[in-house]
Amino acid sequence: MAIIEAHGIRKSYGSLLALHDVDLSVGEGEILALIGPSGSGKSTLLRVLDLIEPANEGALSVFGINVVEERGRLIDLRRRMGMLFQRPIVFNSSVYDNVAMGLRYRGASNEDIDRRVKEALEAVGLSRYIKSRATDLSGGEQQRVALSRVLVTDPEILFLDEPTANLDPTSTATIEEIVVRLNREAGMTVLISTHDLAQGQRLAHRVGVMIEGTIAQTGPSQDVFRAPKDRRIAQFVGVQNIVPGRVVSRRGDLAVVEAKGKQILSAIPPPADEVEMAIRGEDISLHRREPGHEETENLFPATVTAVEPTAPFVNVTVHCGCDLVALVTARRAETLGLREGMEVWVSILAKAVHLIPREK
Amino acid sequence: MVNGNPIIEGFIEAIELIVTLDPQVVEITIRSLYVSLTATFFAALIALPIGALIYFYDFRGKHGVVSLLQTLYALPTVIVGLVMFLMLSNIGPFGFLRLLYTPGGMIVTQTILIIPLLMGLTVSALSGIDRDKRYTITALGASRLQTVVTIISEARFAVMAGVLLGFGRAIAEVGSVMIVGGNIRGATRVLTTAITLNTSMANYSLSIALGIILLSVALGVNIALSLVQRR
């Protein structure tokens, strides 16, 4: 059953359109990651869904309650949810009082507050700071205070707005671990926005890509990464090769796409005649000589034109009519002895050649 | 005396006046503190809730009101003095209160003088609570009243700083208390008006003594201010 159901959400600030035509359904117990570039509307959407700000248009129901009609129940609904923001937000009071805020708003008894605040601080490893002024803590510690302030209220839906964007890897790992555990053990529904694709992939059951104020594609992260629906999504999910081409014929199940005189086979049903091939760099293999038993549909010679190291990988640009960028591990690049001007063989599986309609 | 320089002589005499707790100096200082502290108290009582209302309620012309308040920060004290003189004098509508040339009249005048400052600074203190903090309060499930209480308590130090600034303006101003109080010895004479008078009468030692005290009060306010702002 959908715990959040949104249709045609539109939100603008003055003349600035932040969200439009947003349709989203979130299942109970699901972790959904909203990924997208900065300014694509992720934070605004989370605020609308958490009922912090009303949408200008659209239908929204949370916990099966239509929030557009039943505005009087907003506080009750909000109190069943929680949100952690990108910037660590703490109030100018003790860590204890910070964590107690949500419980005090709910009118919890002092003993109850005392017990739960202590438990919550224990869980994020901040018990020793219970009496400290929250503003004196480091950024990572403040974010953990903010997280325990949210979790102490036992939210059924947790919203995380780029919660680890400013944090060190250790604090990030701690927060991710807590979120995954709460989802698994308590069945908490989680919506997390992130521009970190790897984080989205790591945590989420499903991702939604936001581009320019709307959700452009949703699905399991593998689908979104391998089969982006259009050029902008492909660019955002890090597809290095987007090559315009034309579907010229069919060969069995495969489509033959011609690009700059070169024919490449694709196992994807072509969405149009004029297409763009989206090929991830890691799906392009390079070989020193023609491979003998390579079970690959696309195999052709090419010339290396650039070798660019990026951390554990090397981006290798090869020319074969069109330019393609292959992502090769540093070790493999060394073994192959890749250098500019070298002749190599390129192999690409037809399955890895994703086709998207070409935009005018 | 030492070398006949009236400034140095005056300075030495001034120190004597302060150290020996000269009755005239003490009396003027106490009156000055009494008038300005009372004025600040009443101004805060009026300006803080209204400032909060202006911040929390959206109404047409809100922006204009805030701009007007900020313009009134620089309200010339003699103008306030003149207007209040006319109001409180026998020809004015509040003449029957018999407040002209009394400390009470001075308190009312200083109260009116610093109300815009306190209101404006309250609005900006509350506006200093950033958007994300307000979102956080809402997301934590605060009711309308709980939101107001949390924001005010979060802005308490900035509001306090505004009140201190208001007190600083009240105790240091000379124009309106001179006009409304009349600088009557033993009745309405305060630090600033006494300095003005004694300087024009070449009674430098008393002026310098009162000047040192006024400066110390200003210094005290500033120290308090920086302590508050460091929080």
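The model is predicted: local features need pLDDT of at least 70, side-chain atom pairs count only at pLDDT 80 or more, and totals for chains, interfaces and linings use all residues. Residues are numbered from 1 along each chain as its sequence is written, and chains are lettered from A and ligands numbered from 1 in the order in which they are written. Helices (H or I, at least four residues) and strands (E, at least two) are DSSP runs, numbered from the N terminus.

**The six-stranded sheet of chain A**
- This open sheet has the strand order 6-7-8-3-9-10, with mixed pairing. Two strands pair if DSSP finds at least two bridges between them.
- Its edge strands are strand 6 and strand 10 (214-219) of chain A, and each pairs on one side only.
- The twist averages 15° from one strand to the next. Such angles run from 0 to 180 degrees between N-to-C directions, and axes are lines fitted to C-alpha atoms, for helices over the stretch in contact.
- Strand 3 (residues 31-35) and strand 8 (residues 189-194) of chain A run parallel, joined by five bridges. Here A:Ile31 stands opposite A:Val190.

**The five-stranded sheet of chain A**
- This open sheet has the order 15-19-16-17-18, with antiparallel pairing.
- Strand 15 (284-287) and strand 18 (322-329) of chain A are the edges, each pairing on one side only.
- Neighbouring strands are turned by 45° against each other on average, direction ignored.
- Four bridges link strand 15 to strand 19 (residues 343-348) of chain A in the antiparallel sense. A:Ile284 stands opposite A:Ile348 in strand 19.

**A helix pair in chain B**
- Helix 2 (residues 23-56) and helix 8 (residues 156-172) of chain B pack at about 140°, with axes 9 Å apart.
- The two helices of chain B are therefore oblique to each other. Under 35 degrees counts as roughly parallel, over 145 as roughly antiparallel, 65 to 115 as roughly perpendicular and the rest as oblique.
- The residues of this contact divide into ten nonpolar, four polar and no charged. Ala, Val, Leu, Ile, Met, Phe, Trp, Tyr, Cys and Pro count as nonpolar, Asp, Glu, Lys and Arg as charged, and the others, Gly among them, as polar.

**Where the chains meet**
- 17 residues of chain A are in contact with twelve residues of chain B. Contact means that C-beta atoms, placed from the backbone, lie within 7 Å.
- Helix 3 (95-105) of chain A is one of the elements that give two or more residues to the chain A side. Helix 3 gives the most, with three residues.
- The chain A side divides into eight nonpolar, three polar and six charged residues.

Technical notes: Contact = placed C-beta atoms within 7 Å.
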